[in-house]
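Subject: Structure handover

Hello,

I am passing on the structure we spoke about, followed by some notes on what turned up in it. Please have a look at it before reading on.

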Amino acid sequence: MTTSNQADHGELSFDHWRDEATRAVIPLDYQCDTAKRFSGHICAQSVGGIQLARLQATPHAVKRTTSIIQSAKENHVIFNWLISGNCLAKQDGNETQFGQQSMWICDASRYYDLEFPDQFELVSMALPKSRLGTYHTNFDSLTVTELNRQSEVTGFVQGHLTKLVNHAPFVSSLMADRVAKATMEWVMMLLSEQWAAVGSRLSHSQMSIVMRVKQSIALWASNPELTGNDVAEHIGVSTRYINQLLNEEGMSLSRMIWLYRTQKAAEMLSDSQNLHRTISDIAYSTGFNDVAHFSRLFKKHFNVTPSQYRQHAERTSTALEH
């Protein structure tokens, strides 16, 4: 029998925030500018297998890294509702700036990162994929895509989540599974509208091609000889056709390849286990064959050089250890 429970934590230091937020939703790598005062508050619920938390905090960033993913016991889709503040979200080569009242999902089985430059309030919910498989199995086309704010369903979802956050402690063990099922049905109703909107532009077979392109890039991006033509040949369609499909997402095949490599390099630069490796070594291992070209693309994407990115990650890691 599944029960519901709640934990409401007072104002937290960054160390306590990291620990409590991990328990409240899913494990993530947390980074914060320790030169500035951090303040955070978490109200966490668990209802019928759904992890739900309302989080309020000062600026910081989080990442779902490869090492964390590999240790996960279950895959989740993370549904986020940004009540106030701003967030820059990145996953699968997509990058979106979200503002107040935005809603989006992340797939916790793959790398993603979220940057909160301002004080924010966020409702975040971890939905087990094993439960969502009943409704839908392909979430790739919707990761870090803003869900329709104008939909009639949006208001019902937000109202439901608001009540759930406030009243979860009063949900009996007999009702917990029903409430969890109702929650997933509301969320999936909203996602279904988005799938329909995407589907109006791309057919099911076209979306399947885009997904296969992303999978192929993830598999072979470390090969510096990889080109868009190689990906297209493996998929069995022309490069031109793939670019036409990717254009619906504001993307191109060549940009998707270098974005994946750049994000993979950033992940490695921020991993303390790679401190012995030079930036050149990391650049080559992620598929770049020209370090200067890698540095230009990296700065274009992250607005800092690879060395600056690594130094910030090292300072954050050292601060957390102390």
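A search for disulfides gives a count of 0. Please keep in mind throughout that this is a predicted model.

Cysteines

Cys-87 takes part in no disulfide. The nearest cysteine sulfur to Cys-87 belongs to Cys-106 and is 7.7 Å away, while a disulfide needs the two sulfur atoms within 2.5 Å. Cys-87 has a relative accessibility of 0%, so it counts as buried. Cys-43 is buried too, because its relative accessible area is 3% and the cut-off for buried is under 20%.

Two polar contacts

Ser-46 belongs to strand E3, which covers residues 40-47. Its relative accessibility is 14%, so Ser-46 counts as buried. The side chain of Ser-46 is joined to that of Gln-51 by a polar contact of 2.9 Å.

Glu-267 sits in helix H9, residues 253-269. What is the nearest side chain of opposite charge to Glu-267? That side chain is Lys-264, 4.0 Å away. Glu-267 is buried and has no salt bridge. The side chain of Glu-267 does make a polar contact, of 2.4 Å, with the side chain of Thr-66. Apart from neighbours within four places in sequence, the residues in contact with Glu-267 are Thr-65, Thr-66 and Tyr-111.

Aromatic rings

The whole structure holds 8 aromatic pairs. One of them is formed by Phe-116 and Phe-120, and this pair is stacked, at 4.0 Å centre to centre with 15° between the planes. Phe-116 and Phe-120 are both buried.

Phe-156 and Trp-186 form a stacked pair because their planes are at 10°, with planes under 30 degrees apart counting as stacked. The ring centres of Phe-156 and Trp-186 are 5.3 Å apart. Phe-156 is in helix H4 (residues 152-167) and Trp-186 is in helix H5 (residues 173-201), so this pair ties together parts that are 30 residues apart in sequence. Is Trp-186 buried, exposed or partly exposed? With a relative accessibility of 26%, Trp-186 counts as partly exposed.

There is also a cluster, in which ring pairs link Phe-288, Phe-294, Phe-298 and Tyr-309.

Regards

How values were computed:
Residues numbered from 1 in each chain as written. Predicted model: local features only at pLDDT ≥ 70, side-chain atom pairs only at ≥ 80, totals over all residues. Heavy atoms only, no water. Helix = DSSP H or I, 4+ residues; strand = E, 2+ residues; numbered from the N terminus. Buried < 20%, exposed > 50% of the residue type's maximum accessible area, 1.4 Å probe, protein only. Polar contact = N/O pair within 3.5 Å; in protein donor to acceptor, adjacent residues only side chain to side chain. Lys, Arg positive; Asp, Glu negative; His and termini not counted. Contact = heavy atoms within 4.5 Å. Phe/Tyr/Trp six-rings, centres within 6.5 Å; stacked < 30°, edge-to-face > 60°.
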